[in-house]
Amino acid sequence: MLFPADLTSFLDLIRQHGDVAYSFMFAYAAGHSLLLALFAGYAAHSGALGLGTLIVVCWFGSFAGDVLRFWVGRRYGARLLERFPRFGRIVQTVVRLADRHYGWMILFHRFPHGIRGVAGFAYGMSRLPWSTFLALNFVAAGLWSGTVVSAGYAFGHFSEKSMNDASSGLGAVMLIAFLGLSWFLSRKLEQIVERY
């Protein structure tokens, strides 16, 4: 079987290749947020992944990704913006927000879709000290990981209780609806941040 045809087969594939799944989630959490971490939480509820291990893997992946972006912004930020000026406006907006509200920005920048890739880079260009960033980023990565993975896990619990068969067509539709709603809400949060 090259690619599973249904949700149960896909969860079995994850269960069989757990180490690869955890490595993939570490890399995913380093660069992205939300949707796949929600699904991974759902997979943890099904027993395909361990909930605690998954939270820790996503936590450290998310932390490492933002530390790397911060370092790039601190070391090469001005040169990169000269080379790619179309990103200047959004980066400068995030830098201004970080200079004034760095605590809140670091705690919540992982949730809106699209902000995550720019935020760590912009923090590096701000006046934020390394030590402050590392401490806040560590806490924020843990909060994000625990919240998102647990939300996916809770959805798995809800869908199992309500349908008794999470691999049914209705279970798959509910999972897609949940992921779609999460994506929609993160886009709305991104639009609010952009208006600021």
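Visitor: Why is arginine 110 called buried?

Guide: Arginine 110 has a relative accessible area of 0%. Buried means under 20% (exposed is over 50%, partly exposed in between, with a 1.4 Å probe on protein chains only), so arginine 110 counts as buried.

Visitor: What kind of model are we looking at?

Guide: A predicted one, where local features need pLDDT of at least 70 and side-chain atom pairs pLDDT 80 or more, while totals for chains, interfaces and linings use all residues. Residues are numbered from 1 along each chain as its sequence is written, and side-chain values use heavy atoms, leaving out hydrogens and water.

Visitor: Where does arginine 110 sit?

Guide: Arginine 110 is in the loop between helix H5 (88-108) and H6. Helices here are DSSP runs of H or I with at least four residues, strands are runs of E with at least two, and both are numbered from the N terminus.

Visitor: What makes the link between arginine 110 and serine 62 a polar contact?

Guide: Their side chains are joined at 2.5 Å. A polar contact is a pair of N or O atoms within 3.5 Å; within protein, one must be able to donate a hydrogen and the other to accept it, and residues adjacent in sequence count only if both atoms are side-chain atoms. Arginine 110 also makes a polar contact of 2.4 Å, side chain to side chain, with asparagine 137.

Visitor: Which other residues does arginine 110 touch?

Guide: Leaving aside neighbours within four places in sequence, its contacts include Ser33, Phe63, Asp66, Arg116 and Trp144. Contact means heavy atoms within 4.5 Å.

Visitor: And how do you know that asparagine 137 is buried?

Guide: Asparagine 137 has a relative accessible area of 0%, so it is buried. Asparagine 137 lies in helix H7. Not counting residues up to four places away in sequence, asparagine 137 touches Phe63, Asp66, Val67, Ile106 and Arg110.

Visitor: What does the chain look like overall?

Guide: Its secondary structure comes to eight helices and zero strands. Of the 196 residues in the chain, 43% are buried. Take the contacts between residues at least 6 apart in sequence: 81% of them join residues at least 24 apart.

Visitor: Why are H2 and H3 called roughly antiparallel?

Guide: Helix H2 (residues 18-31) and helix H3 (residues 35-45) pack at an angle of about 150°, with their axes 10 Å apart. Those axes are lines fitted to C-alpha atoms, for helices over the stretch in contact, and angles run from 0 to 180 degrees between N-to-C directions. Under 35 degrees counts as roughly parallel, over 145 as roughly antiparallel, 65 to 115 as roughly perpendicular and the rest as oblique. H2 and H3 are therefore roughly antiparallel.

Visitor: Which residues make that contact?

Guide: Phe24, Met25 and Tyr28 come from H2, and Leu35, Leu36, Ala37 and Ala40 from H3. By class, the contact has seven nonpolar, no polar and no charged residues. (Ala, Val, Leu, Ile, Met, Phe, Trp, Tyr, Cys and Pro count as nonpolar, Asp, Glu, Lys and Arg as charged, and the others, Gly among them, as polar.)

Visitor: What makes H3 largely enclosed?

Guide: Nine of its 11 residues are buried, so the rest of the structure largely encloses H3. Among the buried ones are Leu38, Phe39, Tyr42 and His45. Glycine 41, another residue of H3, is at 0% relative accessibility and so counts as buried. Just after H3, glycine 47 takes a positive phi of about 90°.

Visitor: Why is alanine 151 called partly exposed?

Guide: Alanine 151 is at 29% relative accessibility, so it counts as partly exposed. Alanine 151 is in helix H7 (residues 130-163). Between the C-alpha atoms of alanine 151 and phenylalanine 39 there are 9.3 Å in space, though the two are 112 residues apart in sequence.

Visitor: What makes H4 oblique to H6?

Guide: The axes of helix H4 (residues 51-83) and helix H6 (residues 116-125) come within 6 Å and cross at roughly 60°. That makes H4 oblique to H6. In this contact, the residues of H4 include Ser62, Asp66 and Arg69, and those of H6 include Arg116, Gly117 and Phe121. The classes come to eight nonpolar, six polar and four charged residues.
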